[in-house]
Amino acid sequence: MKLNEVFRGMICEIHGDETVEIKDLKYDSRGVKRGDLFFCISGFAEDGLKYAPEAVKKGAAAVVVTEFQPNLDVTQVIVKNDRETMALAACRFFDFPAKRMKMVGVTGTNGKTTTTYMLKAIAEQAGMKVGVIGTIRNMIGDEVIHTERTTPESVDLQRLLKKMAEEGCDIVAMEVSSHSLVLKRVFGIEFDVGIFTNLTQDHLDFHQTWDNYIAAKSMLFEQSRISVINIDDDSAANMMAAARSEIIKYSVMQPVQYAAKEIEITHESTQFDIDLNGHTLHVEIGIPGYFTVYNAMGAIVAANALGIDSYCIEQGLKAMPPVAGRFEPLDTHGGSFSIILDYAHTPDSLKNAIATAKKFAPGRVVTIFGCGGNRDATKRAVMGKIAGEMSDFTIITSDNPRYEEPVAIIAQIEEGMRQTSGEYVCIVNRRDAIEHAIRTAKKDDVILLAGKGHEDYQEIKGEKHDFDEKVVVEELLNKLGYHK
């Protein structure tokens, strides 16, 4: 595609050859090849201008900048907003792939991953091929594609959407993070349906204030034809105010058109009824928890808005397999205790996970958790207090400390724990913490491994070390004499 075609209809100035052929789009100079268009993104870890000379040396056909650079001997495209421009250019370069599929975006603090997998199960029951983009992995049908972040950078996202469209995907269920909305990764995409799950404390290290976080999440509904909103959440009004067109409300506590009723939660499943298209639909899902009702409601209402029939919704959810690291029971090799693996890493998700475990735990609930380094530090004491108030015993340990000292993070969690009468112990090494829980487990205990979920690594001092809690638990059970 020629350069002027990439930017057709956009406000920009091209200095140099407007008709130079563009072979690919890049924002990381390490991957630039001859004929590529390089975007110098300001504030993307480091100022992209720093790497422009390297990109030119590697043969970039042109560079995109916000100010003309006299020291660069290459065609330059001058734009006002580099991130918006990159997103729009990617849409055009990859031939607007989102327009060829039904796009469903899911945003909120918790429940995004599970909601997308529920949509996948429902749509596949209806005979559709589904693309999934999110935290655990990206998928095209059954094909698994590794992911580095919840929502890919705009160029990577459009490249992936093009692959999904070419491989026959009918629908894309996509997690849309607050970071991606602020950083314009999904700019230029019109979502057929946007879903709001909930909003609780998280990512204040990035957004700085609660109001900024709310504003970030609400941006999805400016880009959605239909907005599906959980009106039980305190921030629902903000999401609805941002919605540009049709709003569909769902609830567990209020008498709206789409309301869950007759809720029953056991240690194996969640069941409830919902009136849909003139009759009562009985929903049964093999994921225990009150939060499962909310996640399912969002998926059900969205699927219904897309025209998927009630039978496929009901059967799809009933046959849905477990979601990795989302309140996932692990095999204890015949042990008299249970182990639950959950991604809970925010105050609200930790509270929900412990509350769910307590509903069916005949013995103690033993919670193992830590908090990530170089992230929102204000939630650490809050989570400590939650664990202290709700768990029968807590083991505070390390999560992904990144560049922080694990002991310092644990000390901040302890500040909240000490506000309660909860019993706890601090064990910095996460493997040792899990071993301690298994060694000291009593009959009918439920051990809740919170925070890591699907992750298979620990990030320490900039390096990722293998740490898959499923594998770790297997190894420890074998070591301690629990054999299949």
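In which strand does serine 227 lie? Serine 227 lies in strand β12, which spans residues 224-230; strands (E, at least two residues) and helices (H or I, at least four) are DSSP runs, numbered from the N terminus.

The model is a predicted one, in which local features need pLDDT of at least 70 and side-chain atom pairs count only at pLDDT 80 or more, while totals for chains, interfaces and linings use all residues. Residues are numbered from 1 along each chain as its sequence is written, and side-chain values use heavy atoms, with hydrogens and water left out.

Strand β12 belongs to an open sheet of 9 strands with mixed pairing, in the order β9-β8-β7-β10-β6-β11-β12-β13-β14. The edge strands of this sheet, each pairing on one side only, are β9 (143-145) and β14 (258-259); two strands pair if DSSP finds at least two bridges between them. Strands β12 and β13 (residues 246-251) run parallel and are joined by 5 bridges, and isoleucine 229 has lysine 249 of β13 as its bridge partner.

Serine 227 counts as buried because its relative accessibility is 1%, where buried means under 20% relative accessible area, exposed over 50%, and partly exposed in between (1.4 Å probe, protein chains only). Not counting residues up to four places away in sequence, serine 227 touches Gly194, Phe221, Ala243, Glu246, Ile247 and Ile248, contact being heavy atoms within 4.5 Å. Between serine 227 and aspartate 95 there are 132 residues of separation in sequence and 26 Å in space, C-alpha to C-alpha.

Leaving aside neighbours within four places in sequence, serine 310 is in contact with Leu276, Asn277, His279 and Leu281. With residues up to four places away in sequence again not counted, arginine 380 touches Cys371, Gly372, Gly373, Asn374, Arg375, Glu404, Ile409, Gln412 and Ile413.
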